Amino acid sequence: MESRYNPASIEQQWQQTWAEQGIDLTPDDSSKPKYYALSMFPYPSGSLHMGHVRNYTITDVLARVRRMQGYRVLHPMGWDAFGLPAENAAIDRGIHPAKWTYQNIDQMRTELKRLGLSYDWSREVATCSPDYYQWTQWIFLQFFQAGLAYQKESAVNWDPIDQTVLANEQVDNDGKSWRSGAKVERKLLRQWFFKITDYAEQLLNDLDKLPGWPDRVKLMQANWIGKSAGAYLEFPIVGSGEKIGVFTTRPDTVYGVTYVVLAPEHPLTQVVTTSDRQAAVDAFVQEISDQSELERTAEDKPKRGIPTGGKAINPFTGEEIPIWIADYVLYEYGTGAVMGVPAHDVRDFKFAKEQGLAIQAVVREAEEDKGAGGAGGRGQKAEGKGGELGVGSRESGVESSPTPHTLHPTPLTQAYTEPGVLINSGAFDGLPSVEAKTAIVQYAEQQGFGKARIQYRLRDWLISRQRYWGAPIPIIHCPTCGAVPVPDADLPVQLPENVELSGRGGSPLATLSSWVNVPCPTCGTAARRETDTMDTFIDSSWYFLRYPDARDSQQVFDPAKTNDWMPVDQYVGGIEHAILHLLYSRFFTKVLRDRGLLNFDEPFQRLLTQGMVQGKTYKNPRTGKYVISTQIADLTHPIDPETGDPLELVYEKMSKSKYNGVAPGDVIDKYGADTARMFILFKAPPEKDLEWDEADVEGQSRFLNRVWRLVMEFGEQRSAVSGQRSAVSKPEKELRRSIHTAIAAITDDLEGDYQFNTAVSELMKLSNALTDASCNESPVYAEGIQTLLILLAPFAPHIAEALWHGLGHTDSIHVQSWLTADPAALVADEMTLVIQILGKTRGTLQVPSQSSKDELEQYARESEIARKYIDGKEIKKVIVVPGKLVNFVVG
């Protein structure tokens, strides 16, 4: 073995050896407890970045430790390989998406192997492979059969020049197409949806079954699902048999409804619009149709609307109120209509003030809640019926209809949005608003114009994509039979290869008549294939279920195998996937459970969202532009070479656009994979952001070099190591305590809230203890060297393996058993006793750790420290704190 540490040679050697030995293959021994370690699989963009390295190294350490702890471990890797970037590359470079994708996979697989990650590559999957998306299509048909896949019209981003649908990320901040520059329009297309709303309650409630998830992620999911309890109320349209349905969480304010607002695209917009308002309404609808959802709902954007001329009846008051349309109401949210209660809603108040609409207060601050005066209209005496507090029925059930009344607008300077007491609300006056919600909903149900309802912010999942590079939706549209599923025997519906990709026109698949035109599987009539492909989130919503049975060509997976390995014990990935990917994966798991394939509720027991890797970034604060470091003459006083402006030095997430990235391959070439792994783990706790610093990388390289020299020196003189001796010397006891302290601390750091950074610190402490030990010919020292290598192995697998074999071992260090700390070795024979005179520390003394209080006092009295400070003085009192100190109070 080489005398000097040479990462390049040993890493390549051992990676090849491990592959030949199949050391990382998943065992079949079901007698062992299982551990499923999984990193979120990457999109094959062509090269790894440091964020990948951090994610995969964390998971690899856990997988390696669990193997050594006696678990059978499943640690796979694959590729989330469908998606828009490959299609764009095909357009820009004239290369087929499949060729571009598989080239990138080959490159990234090679880079991953250089990191020494202990993947079972025999279970590798690529979502773009027909043997994978065959089962993606099969799962779609499971949803279809369960009534969870359906079609409806939905708005898309439409490029009028290229005549194509654009993804949201293809629309710039000005609402223009990234390719043609055209102003993007909104267009209705018939598209496929998954009915995730049917599982909203389960998805919300089952968050309580995930104690191993960060609270932050669970809160983000709960907010996304957005459960609201309230009422569905109907407002009849004057002169029509139609009604406008609204959902509200504040039924207690219904007497304050002074207008209703429809989404411009709502079908009732044309019903309610009067002839004199038709032209204005049509123009407004057309203008709004070109705006994205984000543009229409932005908080900082003025809310715009116009009257339709139509009227609705507030069924509670009997009054006619105007019907408006406005940009902030979206047809696909809730009912596509809202009731305007400007006195008690901030947005409605602002809109009513701007548009000159009536404002009627119907809730006021309760007397016991009032402070010194009611700012902004709080506590004002209301006019009209029931204006005085306490007037009217306080019963929760109202049999008769409240008397219709005329609105009497009350001057307000701001909306009152807190709970309070009802006023101007007929028979409900005087009720606390919380009680009034129940009473008013009961009344609405009795009268037939409303009911209690639970509503969710979550909307059904639009899965259609008018793209080529995705899994084709396995449906055939028959003029006689309707939407017909492709028979299982005909799956996969493969992507045709002879397709022309231009980025223009509709779906590329729709242009291939030989692929599109097929007979109906049911009746044989001439029919057409569905030309939409599936959202790539579908591919990643079940891949973790395939790994336990990745090579099965007969079924999506063997339920016995997948149920054995699932759920994933530890899932690791970025916080950016906290909502969609994780929510969809949970949804898929529940649907497939209900289809009889799975026997568990949640796919991921524990979730770790690792922090970002940040790099040194030079930024011009005046222009906002980033500057590459190689263009800066003096990095100690960075100046923009173009403008002469001083540059800011900040740490920001690594990216090409900021010129602050560090290529993993460059780091491995210079320092080795083990050094890269050690730095990534040591620099910061896993959930925190990590600042890349070359000096710290060099520090880890120096540490591994010290370990190499330490073990090599031991190997050269280990023949001098004597056999077991009956008496253990004091230096041996101290070293053994350091050894077992490291075992205990590192084991603890790799459980619970993972602390890889402190685990690496413990490795350094043990290395230092061995370096400083005077008993290097002792069996205890030999134990320490072996312990250091075993504890180091999950973190720096190559150097640990090389040194282990250098000591004469023939089997791999990675199949050794993880070590258990000896409690007896952790007990110190001696302790440091602090000696104080009048509460001031005057020195310390080494004494037996098991000494009694009397013995501690005796040691202290007889010490040189006591003689120096006490001689000739009267000891009035002695305070002994066992295990810590002795304090003499002298006169």
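**Aromatic contacts**

Phe 316 is buried, as is Phe 449 (buried: under 20% relative accessible area, with a 1.4 Å probe and protein chains only). The model is predicted, so local features need pLDDT of at least 70 and side-chain atom pairs count only at pLDDT 80 or more, whereas totals for chains, interfaces and linings use all residues. Residues are numbered from 1 along each chain as its sequence is written, and side-chain values use heavy atoms, with hydrogens and water left out.

Rings of Phe, Tyr and Trp (its six-membered ring) pair if their centres lie within 6.5 Å; planes under 30 degrees apart count as stacked, over 60 as edge-to-face and the rest as tilted. By this rule there are 39 aromatic pairs.

In one of them, the ring centres of Phe 41 and Tyr 543 are 3.7 Å apart and the planes are at 5°, so this pair is stacked. Phe 41 belongs to the loop between β1 (34–39) and α2 (50–68) and Tyr 543 to helix α15 (residues 543–546), so the pair ties together parts 502 residues apart in sequence. Helices (H or I, at least four residues) and strands (E, at least two) are DSSP runs, numbered from the N terminus. Both Phe 41 and Tyr 543 are buried.

The rings of Phe 316 and Phe 449 have centres 5.0 Å apart and planes at 75°, so they are edge-to-face.

One aromatic cluster includes Phe 140, Trp 192, Tyr 199, Trp 461 and Phe 588.

Definitions and conventions
Buried < 20%, exposed > 50% of the residue type's maximum accessible area, 1.4 Å probe, protein only.
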